[in-house]
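Here is my note for your first look at this model. Keep the structure open and follow the points in order.

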Amino acid sequence: IKKIAVLTSGGDSPGMNAAIRSVVRTCAFYKIASVGIYRGYQGMIEGDFINLNARSVNNIINKGGTILKSARSTEFRTEEGRRKAYKHLKENEIDALVVIGGDGSFTGGVVFNQEFNFPIVGIPGTIDNDIYGTTHTLGFDTALNTAVEAIDKIRDTASSHNRLFFVEVMGRDAGFIALNAGVGAGAEEILIPEEDLGLDRMLDSLKASRKSGKSSSIVVVAEGDKTGKNVFELADYVEKNLPEYDVRVSVLGHMQRGGSPSCFDRVLASRLGVKAVELLLEGKTNLMVGLVNNKIKPTDLEKAIKGHHKIDTELLRVSDIMST
Ligand code: F6P
């Protein structure tokens, strides 16, 4: 292997730049060339490449977003799109690829590897933390800190006005952000896609907390929670059933995906990038690098997509006890 390309794909996450830097610097350390591909697989199809070296990635470890830009490419889902992408890789004498992204990006990588036998290693980059084979995806820790900081601020106004706030956090299919930010910010209730705790339970809990002397409360709701109601409908439902509550809604949205990465995400990105390049140089492929028991370990890329990263139900219990 003489030249490795790196791309970022899917929703951006804090730490992607630190991972790009790590891949490029590791290539430089082993004296092989590195290339950045803009806009994920779409840029691969269009041949939108840039030669990188150790100095091209100066001063990006602290930057949010991704200097290589990101996209969700529909063309890469077609055989023709993937053929065009392969042609560009060959023309540019690229021997292997590091894909930084989530499960959608890895699915594209697996198909591409099967079709063209092209060496690929994945780095898990998504704030959702919904990837098997790693306890932490890149950006999850930063997103949690961002969400907790925002909820702390909401708590100030909730408590000043004796209000109940519903705060929606990201997580279309996964409740990792909701659960961890909810416990970290001291939420009364946490609603996640993985567990249907029922609306009655939420009403009972809110009633009980009023009785116990709490004057304000926060309910953290994941985007994809299981109640069948969105966060505004939930707020209406509570206002109808518990008229003693003055209810407001706050949707945190994409702010959770931005910002300077936490130290944890920067260190993780640096470690994952080194291992990704080293695995490729050892001739390994179709793997994802992840954090397991605080060591960087490879997992089969297909397993990373298909395996289920289970939510820690113990945290739900902790949350219950804390809202006593
Ligand atoms: O996958 C990361 C994520 O932030 C999800 O939590 C969220 O549902 C989705 O991306 C939003 O995607 P988009 O930026 O395309 O609206």
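1. A term comes before anything else. Helices and strands here are DSSP runs, numbered from the N terminus; a helix has at least four residues (H or I) and a strand at least two (E). With that in hand, find Asn129. Asn129 is in the loop between β5 (120-124) and α5 (140-160). Keep in mind that this is a predicted model.

2. Stay with Asn129. Its phi is near 65°, a positive value in a residue other than glycine. Is Asn129 buried or exposed? Buried means under 20% relative accessible area. Asn129 has 2% relative accessibility, so it counts as buried.

3. Now look at Glu93. Glu93 also deserves a check of its backbone: phi is positive, about 55°, although Glu93 is not a glycine. Its place is the loop between α3 (79-91) and β4 (96-101). The cut-off for exposed is over 50%. Glu93 reaches 60% relative accessibility and therefore counts as exposed.

4. Move on to Pro243. The loop that holds Pro243 runs between α8 (231-241) and β9 (246-251). Pro243 has a relative accessible area of 62%, so it is exposed. Pro243 and Val167 are 76 residues apart along the chain, and 19 Å separates their C-alpha atoms.

5. Start with Asp128: a polar atom in its side chain lies 2.8 Å from an oxygen atom of the ligand. Go on to Arg257. An N or O atom of the Arg257 side chain is 2.9 Å from a ligand oxygen atom. Gly171 takes part through its backbone, where a polar atom is 3.2 Å from an oxygen atom of the ligand. How much of the ligand does the protein cover? On its own, the ligand has 400 Å² of accessible area, and the protein covers 77% of that.

How values were computed
Residues numbered from 1 in each chain as written. Predicted model: local features only at pLDDT ≥ 70, side-chain atom pairs only at ≥ 80, totals over all residues. Heavy atoms only, no water. Polar contact = N/O pair within 3.5 Å; in protein donor to acceptor, adjacent residues only side chain to side chain. Areas by Shrake-Rupley, 256 points an atom, 1.4 Å probe, with all protein chains shown as cover. Buried < 20%, exposed > 50% of the residue type's maximum accessible area, 1.4 Å probe, protein only.
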